[in-house]
Amino acid sequence: MIPSDLVDLSRLQFALTAMYHFLFVPLTLGLSFMLVVMEVTYVVTGKEMYKDMTRFWGKLFGINFALGVATGITMEFQFGTNWAYYSHYVGDIFGAPLAIEGLMAFFLESTFIGLFFFGWDRLSKGKHLLATCLMALGSNLSALWILVANAWMMAPVGSEFNFETMRMEMTNFWAVVTSEWAQAKFAHTIAGGYMTGAMFVMALSAYYMLRRQDVSFAKSSFRLAAVFGTVAALLTIHMGDESGYLVTRDQPTKIATMEAIWDTHEAPAPMTLFALPDEEARTNHAQIDFPWVMGLIGTRSLSTEIPGINQLEAQARERIENGIKAVTTLEALRKDPKNAELREAFTAVKDDLGYGLLLKRYTEDVSAATPEMIAQAAADTIPGVAPMFWSFRLMVGCGLAMALVFVLGAVYSVKNVITEKRTLLKLTLLALPLPWLACEAGWFVAEYGRQPWTIYNILPTHLSVSSLSAGEVLGSVIGFVVLYSALLVVEMWLMIRLGRKGPSSLGTGRYHFEQH
């Protein structure tokens with residue numbers, strides 16, 4: 001059996017590097033298209049201030065992009081180092097979108113970033129705008145292919161398990177690319193990124209207005225970001241609703257833990273506004289519900305029930321018992337691959353093969369699994385309720401707070417009275433961390449909520465790791481923590497230094513620190 005400390009350390013390393021990497025991704029996505037809007041405004045109006053806006057916010061984009069690239073590369077290498085069996089098992093499918101991301105989106109993005117920074121005096125207005133548009137497109141295409149791969153892990157489509165090679169193999173590339181999960185995750189993620197970029201520009205612009213530094217520049221930046229953020233917030237809310245429907249349909253354990261639903265409620269299920277989940281007693285304390293809402297969001301109906309954790313665990317136990325048959329039949333079929341009767345028997349139970357493999361955590365011979373082992377494996381299919389419940393509410397709460405800031409900012413900016421609303425400006429500055437909290441919490445819900453699977457219902461996490469020692473993984477974890485901490489200090493120092501200086505950093509002679 002695979003040591004649990006090796007699995008835990010491998011998960012910890014990937015979680016640390018993934019969530020650290022995702023500190024930079026949303027801002028890259030958000031600023032890339034905001035730069036397009038700024039430069040379009042410059043080209044249409046001919047006003048130099050909008051060119052300065054594009055260049056200044058582009059500098060901050062460039063610093064953030066560099067850190068995103070540096071941290072993203074190490075993540076991809078981890079699939080081959082720490083998760084070798086996973087890479088072998090799904091490389092035929094997972095490798096395709098990653099390869100496309102590297103060959104197309106990454107090179108497209110990097111090439112036009114170079115033209116964006118060094119082409120101002122070498123390209124015409126129209127050509128430079130085209131380069132900026134392609135840079136933004138490259139950023140979003142890069143996200144698309146990563147999210148296609150991730151969506152397949154959440155809901156594996158367009159693929160089939162081959163018992164002869166013991167691998168998942170692609171049967172329909174377009175089914176993988178165009179799956180409902182891929183579309184929803186892509187739209188939801190980039191909309192969250194757009195909110196991040198908008199809040200970043202708004203918060204820094206609010207800082208300038210509060211200090212009465214480059215007020216005209218700050219007002220224009222704030223107004224553009226507020227309108228952009230309002231639209232992004234509406235898209236994010238819509239795609240969040242769509243994601244809730246898909247999760248309820250395809251990952252019932254995730255939605256049950258997000259809402260701390262212990263027992264199936266009569267349809268339509270309510271949404272839990274507040275509760276104190278008690279995992280030991282398997283109940284909630286001080287629960288406040290909003291009637292019908294979760295049923296409407298999760299099932300799009302008034303008559304479909306959302307199963308509770310207790311019922312889902314019982315269902316998992318049944319699937320594990322059926323999975324034992326799948327594992328033993330597969331082992332027999334591997335010895336006699338031409339046996340038509342065994343093939344037919346395996347086909348009848350292969351959908352539960354992953355559930356049988358959950359027992360590999362407790363015994364090498366799943367046919368000898370005890371009732372206690374089966375019960376424990378069934379319990380493993382339920383993610384931790386409290387982390388899921390509170391992380392989901394942190395994400396939603398931050399999102400709604402940002403939406404309110406965007407709407408108020410847009411209204412007062414359009415009325416041209418935003419400089420008089422100093423309380424709102426202070427709140428906007430204080431709201432700067434909210435998009436990162438929302439994005440990190442959202443990814444935690446998505447990834448932790450998939451446990452104990454790397455591929456939902458197919459490949460358990462504990463079978464996916466490489467043949468490494470816990471000491472080797474621990475050493476690399478410490479190395480990453482030290483290196484990434486140093487990079488974060490450098491990145492924050494550059495961003496704060498440039499942010500405080502503002503558009504004066506452009507050296508045009510038109511801004512605050514150049515005139516005082």
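Predicted model: local features only at pLDDT ≥ 70, side-chain atom pairs only at ≥ 80, totals over all residues.
The crossing of α1 past α18 is left-handed.

On the α1 side, the contact is built from D5, L6, L9, S10, Q13, L16, T17 and Y20. Facing them from α18 are A470, V473, L474, S476, V477, F480, V481, Y484, L487 and L488. Sort the residues of this contact by type and you get 13 nonpolar, 4 polar and 1 charged.

## A crossed pair: α3 and α8

Now for a pair with another geometry. Helix α3 (residues 48-81) and helix α8 (residues 215-250) have axes that come within 11 Å and cross at roughly 75°. That angle makes α3 roughly perpendicular to α8, since the range for that label is 65 to 115 degrees.

Which residues of α3 and α8 meet here? From α3 come M49, Y50, D52, M53, F56 and W57, and from α8 come S216, F217, S220, S221, R223 and L224. By type, the residues of this contact split into 7 nonpolar, 3 polar and 2 charged.

R212 sits in the loop between α7 (180-210) and α8. Its backbone is worth a look: phi is near 55°, which is positive although the residue is not a glycine. R212 is also exposed, because its relative accessible area is 58% and the cut-off for that label is over 50%.

Strand β1 (residues 159-162) and strand β2 (residues 167-170) pair in the antiparallel sense, with 4 bridges between them. Two glutamates stand opposite each other in this pairing, E160 and E169, the latter in β2.

The two strands form a hairpin, and 4 residues separate them. Within the turn, M166 has a positive phi of about 60°.

## A buried glutamate: E313

Is E313 buried or exposed? E313 is buried, because its relative accessible area is 12% and anything under 20% gets that label. This glutamate belongs to helix α11 (residues 309-335).

What does E313 touch, leaving aside residues up to four places away in sequence? The list is R282, A378, A379 and I382.

## Cis prolines and one more positive phi

The bond from A267 to P268 is cis, with omega near -5°. P268 falls in the loop between α9 (252-258) and β3 (271-278). A cis bond also joins Q451 and P452, with omega about 15°. In this case the proline, P452, lies in the loop between α17 (434-448) and β5 (453-455).

Finally, there's W292, a non-glycine residue with a positive phi near 75°. W292 is in the loop between β4 (283-290) and α10 (293-299). With 47% relative accessibility, this tryptophan counts as partly exposed.

How values were computed
Residues numbered from 1 in each chain as written. Heavy atoms only, no water. Axes fitted to C-alpha atoms, helices over the stretch in contact; angles between N-to-C directions. Parallel < 35°, antiparallel > 145°, perpendicular 65-115°, else oblique. Contact = heavy atoms within 4.5 Å. Nonpolar A, V, L, I, M, F, W, Y, C, P; charged D, E, K, R; others polar. Left-handed = near helix turned anticlockwise from the far one by under 90°. Buried < 20%, exposed > 50% of the residue type's maximum accessible area, 1.4 Å probe, protein only. Pairing = 2+ DSSP bridges.
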